[in-house]
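Look at the sequence and the coordinates before reading on.

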Amino acid sequence: MTSFRSVLIIILQLAGSLCFLLYGMKMMSDGIQKSAGDKLQKALHFMTRNRFVGLITGCLLTMLIQSSGATTVMLVSFVNAGLLTLEQSIGVIFGANIGTTITAWIVALFGSGFEIKDYAIPIFGLGYVFLIMKKLHKEGIGQAIMGFGMLFIGLGWLSDIIKSTSFLPDLIESIQGIGIWSMVFAVLIGIIFTALIHSSSAMTAIVITLCAVNSDFWELGAAMVIGSEIGSTVDSIMAAFGSSSNAKRTAFVHVMFNVITVILALAFFKPFLAFIDLIVPGTVQENIVYHIAMLHTMFKVFGTILFIPFVNQIANLTRKIIRDDSDNLPTVYKFEFSELAAHEAPTIPVVTASHEVSKMADIAVQMFDRLQYGFKDRSGSFLKEHYDNLVREEDYMDQMQEQITNYLLKCLKLDLDDRTRNNVNVMIQITQELESMSDDVLSIGVAIKKMTEKNYSYPEEDYDRLLPYLELARQLLMFIYKNINKALNANQMEFANELETQIDQERKELKKVARKRLEAGANVKAELVYMDFVKQIEKIGDCCFSIAEQLSLTE
């Protein structure tokens, strides 16, 4: 009879081996992403023109980074940032589910034919050489190779523990001996364990290792692999917390797709296993590891074939289930840093932050449009229809600047390359300028309010001269708005500089006009308000030009 101490040692050894396996997979994923820079994210962004291209993109991307969780979290973040539509994301989800099966094939091919653990340590050492040889600039590749070695060290230890003890096989046999309930328990084990370790690929690798020791676990192992697909949705669910309605819909599609395919696989469990046995050479007893790997792949492929024709219908269904976000600007701004997204790919939070900076620019333009209405409309309706909104928007911009800056400071603590780190610093400066611009816009709004309430009047032609001056500032603002997350070239900077120069020249002329009226005996308070208009509009132009200078520093 196995003693408690022996059981505890076995559990600790299994846990340690599993940690090696998981950390190896994480190192592989991180290393590949580092060596590729932001190319993988750009591929996900641009290679989604239709459902089939999205399917291929999700499949290849997940094969590369060895993590459907990372792909799905990346996907939810991009949908939340408005970089992908819901329809585009659905195809990528299906592809990611197929791509994640590559891990099972790696384990089946390399983990069963020979003692891979004998080569794992030299492989790890080779990766370390790449990592420390800074002149090679192959640190990402080195990390990926080290992760590959650690993955198989963990698998080798798992295999040795399972072979050297009867505890775990006896436990599986006891579950297998309770009839139909054994399948239920196996599915639940697959769901719960995968949710805990955040990796269906790792769960499949464990099942392959277990079945390699005892091929009688074929049906039980198959049920665990099928159940793991529901557990793998935990990452997308966590990534959707606090996100937009479309991001929540993307996570919901992932959950719905996996749950329905699991239900269908269990409904046709026996015929499905018979089909796998038919297409895999040899008997289950001879090639159990390849049976598990093939089952994992065909399960995903069949589900994708079943759902891919109905992408638009699935998107419409999720829109009915999950309601749209309110179009009204909320009173409280929340922008929480996603540790999960940062864990999967450090560049994801940076992409998300860039979208929030775009939102700030949206609100700045909206505030400026209100301001133009206040200048053009002399009836006083500006105070009724726009002034209170202007105050709320300025307060919201203050909140955005504070929270986005805190978010970006957290991004700077991540493992970013020099180019991305520079862009984060640029965004910090841009948010400060956008917030300053909102202050200037509100100051002009307050001046318009004072002018209206005090019934200040100016010569019509002098008042109208403010309109083209304001339009110059708007042109510079719209130029910034259209290029808010882009690097400006020399020609674009020259254009921005010309507008800034025109604003400065017009400011001088308008100040001369105000001084002449003062000398002619005009109302001093009214002229001070007029001069405040001139000064604040010029400050808006200064903020825009400062943003242009920052954008010229991006890479």
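Q: At what angle do helix α21 and helix α25 pack?
A: This is a predicted model, where local features need pLDDT of at least 70, side-chain atom pairs count only at pLDDT 80 or more, and totals for chains, interfaces and linings use all residues. Residues are numbered from 1 along each chain as its sequence is written, and side-chain values use heavy atoms, with hydrogens and water left out. Helices are DSSP runs (H or I, at least four residues), numbered from the N terminus. Helix α21 covers residues 418–454 and helix α25 residues 524–551; their axes lie 9 Å apart, at an angle of about 165°.

Q: Which orientation do α21 and α25 have to each other?
A: Axes are lines fitted to C-alpha atoms over the stretch in contact, and angles run from 0 to 180 degrees between N-to-C directions. Angles over 145 degrees count as roughly antiparallel. The pair α21 and α25 is therefore roughly antiparallel.

Q: How many residues of the contact of α21 with α25 are nonpolar?
A: Ala, Val, Leu, Ile, Met, Phe, Trp, Tyr, Cys and Pro count as nonpolar, Asp, Glu, Lys and Arg as charged, and the others, Gly among them, as polar. In the contact of α21 with α25, six residues are polar, five are charged and the nonpolar ones number 17.

Q: Where do the axes of α20 and α21 stand, parallel or antiparallel?
A: These axes come within 9 Å and cross at roughly 165°. The contact of α20 with α21 holds 18 nonpolar, seven polar and six charged residues. α20 and α21 are therefore roughly antiparallel.

Q: Which side chain does asparagine 389 join in a polar contact of 2.3 Å?
A: Asparagine 389 sits in helix α20, residues 381–411. A polar contact is a pair of N or O atoms within 3.5 Å; within protein, one must be able to donate a hydrogen and the other to accept it, and residues adjacent in sequence count only if both atoms are side-chain atoms. At 2.3 Å, the partner side chain is that of arginine 392.

Q: Is cysteine 543 buried or exposed?
A: Buried means under 20% relative accessible area, exposed over 50%, partly exposed in between (1.4 Å probe, protein chains only). Cysteine 543 has 6% relative accessibility, so cysteine 543 counts as buried.

Q: How many disulfides does the count give?
A: A disulfide is a pair of cysteine sulfur atoms within 2.5 Å. For cysteine 543, the nearest cysteine sulfur is that of cysteine 544, 6.9 Å away, and cysteine 543 is in no disulfide. The count of disulfides is zero.

Note on methods
Helices (H or I, at least four residues) and strands (E, at least two) are DSSP runs, numbered from the N terminus. Angles under 35 degrees count as roughly parallel, over 145 as roughly antiparallel, 65 to 115 as roughly perpendicular and the rest as oblique.
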